[in-house]
Amino acid sequence: MSSATARLAAVHGPLSAQTLRADFPGLATTVHGKPLAYLDNAASTQRPRAVMDALTTYEVEMHANVHRGVHARSDRATAAFEGARERTRGWLNALSADEIVFTRGATESINLVARCMDGRMDADSEIVLTGMEHHSNIVPWQQLCERTGAKIRVAPVLDSGALDMAALSGLIGGNTRLVAVTHVSNALGVINPVAEICELARRAGAPILIDGAQAAGHIPLDVQELGCDFYALSGHKMYAPTGIGALYARKPWLDDLPPFLGGGEMILEVRFDGTTYNDPPHKFEAGTPNISGAVGLGAAMDYLAGHGLERLAALEHGLLEYATERLQDEPGLKIIGTASPKSAVVSFVIDGIHPHDLGTVLDHEGVAIRAGHHCAMPLMDRFGVPGTSRASFAFYNTHEEVDRLVAGIGTARKLLGQA
Ligand code: PLP
């Protein structure tokens, strides 16, 4: 427990999901006449009232376009937007707010890096990925390879869902021009040893991008300590609105890489005989940004920091342990991804029940899970399944909701003639 977390615990006492739920109006709704048990947090989290209130205050009191305004309201909008950048810097412990580029989400953050890397790749170049990447951390690199002739090398996943670190280490070498690895697998919940992987990349002189979509709202982060070159995150997976995310990139990269999109905001001077680009991060933020989204992201970070991310993570860990215990007792149920450490995601298959059928039955019980390939088709192939059922927890979920998940599986068995 960090000293800040210990201080919060001393002042506020232990956290409980029941009290935290009151901050999330979306959880107090019904589905098919049943109270909602929202267990699809790896896809998108619900938003606390603090985020909704910050958005309303921004809209009512501040909204205008940012950066070029000569009026007070534009100054207020700019201060709110740049304030959110500073909060994101703090969240990641980046050295400077200039290292934070706002994007639409992790997908755009990864695409930004991939699109700007053409000049650094040739037919001998290798991009090292892992077998557990989300399609967002595969397809942009495949497209880069199509443009440049570079090749993808894939580190395998062990039966437990852990990354094969020995194989990964063997793949990172003199031809590696980039390593791109997920921090937490969205499909398995497995947490990768990213600090160790950064060290492997550093020793080979290769830059490393970490896809933090599933980590940024659950694990305290320090990009300087990690030593990564790029870190991608999505707001909507950490209690902020959709359509906002961020890319952390070490300053030398942002200085050296060419711009991503062209247009307003990213220029200093435009003439028909040539254009000079703005300084980072603005060089990578063409057009009017998602100002309110950034404000919402800052508010979400404040909300999480206010409760202490480690204390919230402890609640999630309790849910993971309880759900794992309950589900592994179910006949014919196999959890895919048992390696530790894990975030609060449980992916499973049940003999004779298709994940989509289970998802539909559970929905009618008010229990929202995700069923399918989770945008990780190569990983599904690795485990020889077309898809899984995935329950993913946030600190506001309860043990009673886990019980409802298990009861829903019983209902599905009855309806499908298994019981
Ligand atoms: N990476 C991982 C590990 C994810 O889980 C996701 C979304 O599920 C993404 C990337 C893409 O995030 P977004 O759709 O918010 O851009």
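Reader: Where does S185 lie?
Author: This is a predicted model, with local features needing pLDDT of at least 70, side-chain atom pairs pLDDT 80 or more, and totals for chains, interfaces and linings using all residues. Residues are numbered from 1 along each chain as its sequence is written, and side-chain values use heavy atoms, without hydrogens and water. S185 sits in the loop between β7 (176-182) and α8 (194-204).

Reader: Is S185 buried or exposed?
Author: Buried means under 20% relative accessible area, exposed over 50%, partly exposed in between (1.4 Å probe, protein chains only). S185 has a relative accessible area of 0%, so S185 is buried.

Reader: Which backbone nitrogen lies 2.9 Å from a polar atom of the S185 side chain?
Author: S185 also touches M132, V190 and L379, leaving out residues up to four places away in sequence; contact means heavy atoms within 4.5 Å. The backbone nitrogen at 2.9 Å belongs to L188.

Reader: How are α3 and α4 oriented?
Author: Helix α3 (residues 49-61) and helix α4 (residues 72-92) pack with axes 10 Å apart, at about 155 degrees. Axes are lines fitted to C-alpha atoms over the stretch in contact, and angles run from 0 to 180 degrees between N-to-C directions. Angles under 35 degrees count as roughly parallel, over 145 as roughly antiparallel, 65 to 115 as roughly perpendicular and the rest as oblique. That makes α3 and α4 roughly antiparallel.

Reader: And how are α12 and α15 oriented?
Author: The axes of α12 (residues 309-328) and α15 (residues 399-415) come within 10 Å. They cross at roughly 25 degrees. Therefore α12 and α15 are roughly parallel.

Technical notes. Helices (H or I, at least four residues) and strands (E, at least two) are DSSP runs, numbered from the N terminus. A polar contact is a pair of N or O atoms within 3.5 Å; within protein, one must be able to donate a hydrogen and the other to accept it, and residues adjacent in sequence count only if both atoms are side-chain atoms.
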